[in-house]
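Hi everyone, thanks for coming. Let me put the sequence and the structure up on the screen, and then we can walk through them together.

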Amino acid sequence: MASALIISNLTQEWLESLRQWHLEYFFIPTIVITVATLLANPVLVSCIVLSRALRQETRYLLVANTLTADILYLILNMATIICNAVRVPIPWLVCELVTAITVTTYCCAILTVTLMVVDTYAAVRWPLRYHDVLPPARTHRILVGVWVLAALYPFTLLIMMEMEKGNPHEVAFCLALIFLGFFQVNNLEGVHIYFFVAALICALLIFVCYIQLYMVTRTHGIWQSRFSRARVTLLAHGVLLLLYFAPGFVFTMELFLFQEKAISQDVRVWISTVNMSVFMLLPRAFAPYLYGLRYREISKTLMQLLHPHQRLGQTTVS
């Protein structure tokens, strides 16, 4: 009963802060970015799935997995925001389940983009053995393992939370920060440390792989031109990786500030709203256009799917 009262008070205070600062307007860019991304992501995933050649490449399977995780994340995030905006009471179990799946999809995207960098390093470092070490069947098993690893921690927290008595039946506002922050305060210290360490390990692995890539390829001449394809690709992927990781570190900071009495509620609400409504969506908005434009095979397959008659005409002429 005490837990239900605390969660109810937390959600009501959060709603009051949102109304006081009119932060509901941040939901507008959220919906716009989400709709724009959901129009592009399924198209690129379909290109990869329908193309036999792309399905045989590990890097494109990783791209498809990242985009799929982003699609699930965006759908759940927008559904939650809409329910919160129209003040629909949400069953606590549903809120817990949506939070666990949302965290899983976010972690899966982070793990997959990390694997994309590792895959690039492996392809450059061991080009002759690369396809033997990573055939499509093994890549599929790795991706299943990534989803299981990403789901392990949030669903463990969900099970532990459900084993407790006194949880509310409904909540007026469903937010991952409230669910994880409340669990951290009452059950398990250091939830924010787990997310921080996991993200830090992935970031360090990416940094090491990029340093090794530069060391291996610096004598090949691909870095000499200021606007070479290698430099532009590295810059684009670096920015995208930063956009993926930065909101995760901000969320970790939110969990840490959740139990700090010196931080006002308004500051927490501002940070959480901007991070959830803008920062977490930016990498998902840029990713499909970066992959679609920078990967020639994907863009070529996309053009063939969009203009099948043109392809048929070229075949007939030749």
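Let's start with a cluster of aromatic rings: Y153, Y194, F195 and F251 are linked into it by ring pairs. This is a predicted model, by the way, so please keep that in mind as we go. In the whole structure there are eleven aromatic pairs.

I'd like to show you one of those pairs, Y60 with Y295. How far apart are the ring centres of Y60 and Y295, and at what angle are their planes? The centres are separated by 5.5 Å and the planes stand at 75°, so we call this pair edge-to-face. It also ties together distant parts of the chain: Y60 belongs to helix α4, residues 58-85, while Y295 sits in the loop between α12 (282-294) and α13 (296-306), 235 residues apart. And are Y60 and Y295 buried or exposed? Both of them are buried.

While we are on rings, have a look at Y73. R284 lies over the face of that ring, 4.4 Å from the ring centre.

As a reminder, two packed helices are described by the angle between their axes and the distance between the axes.

Take α2 to begin with, residues 27-50. Its axis and that of α4 come within 9 Å, crossing at roughly 150°. The cut-off for roughly antiparallel is over 145 degrees, and α2 and α4 are therefore roughly antiparallel to each other. Their crossing is left-handed.

Next comes α5, residues 92-125. Here the axes of α4 and α5 are 9 Å apart and the packing angle is about 155°. That makes this pair, α4 and α5, roughly antiparallel as well. The crossing of α4 past α5 is left-handed.

Then there is α7, residues 136-162. The axes of α4 and α7 come within 10 Å, and they cross at roughly 30°. So α4 and α7 run roughly parallel to each other, and α4 passes α7 in a right-handed crossing.

Residues 97-122 are 100% helix and 0% strand, with the end C-alpha atoms 37 Å apart. For residues 269-291 the figures are 91% helix and 0% strand, and the end C-alpha atoms lie 33 Å apart.

Last stop, the loops. Which phi does H22 have, given that it is not a glycine? It is positive, about 55°, and H22 is found in the loop between α1 (2-21) and α2. R87, also not a glycine, has a positive phi of about 60°. You will find R87 in the loop between α4 and β1 (90-91). R87 has a relative accessible area of 28%, so it counts as partly exposed.

Finally, G190, in the loop between α8 (176-186) and α9 (191-217). With a relative accessibility of 17%, G190 counts as buried, because the limit is under 20%. Going from C-alpha to C-alpha, G190 is 8.5 Å from F256 in space, and the two are 66 residues apart in sequence.

That's my tour, so over to you for questions!

Technical notes:
Residues are numbered from 1 along each chain as its sequence is written. This is a predicted model: local features need pLDDT of at least 70, side-chain atom pairs count only at pLDDT 80 or more; totals for chains, interfaces and linings use all residues. Side-chain values use heavy atoms; hydrogens and water are left out. Helices (H or I, at least four residues) and strands (E, at least two) are DSSP runs, numbered from the N terminus. Rings of Phe, Tyr and Trp (its six-membered ring) pair if their centres lie within 6.5 Å; planes under 30 degrees apart count as stacked, over 60 as edge-to-face and the rest as tilted. Buried means under 20% relative accessible area, exposed over 50%, partly exposed in between (1.4 Å probe, protein chains only). A charge sits over a ring if NZ of Lys or CZ of Arg is within 6 Å of the ring centre and within 35 degrees of the ring normal. Axes are lines fitted to C-alpha atoms, for helices over the stretch in contact, and angles run from 0 to 180 degrees between N-to-C directions. Angles under 35 degrees count as roughly parallel, over 145 as roughly antiparallel, 65 to 115 as roughly perpendicular and the rest as oblique. A crossing is left-handed if the near helix is turned anticlockwise from the far one by less than a right angle, and right-handed if clockwise.
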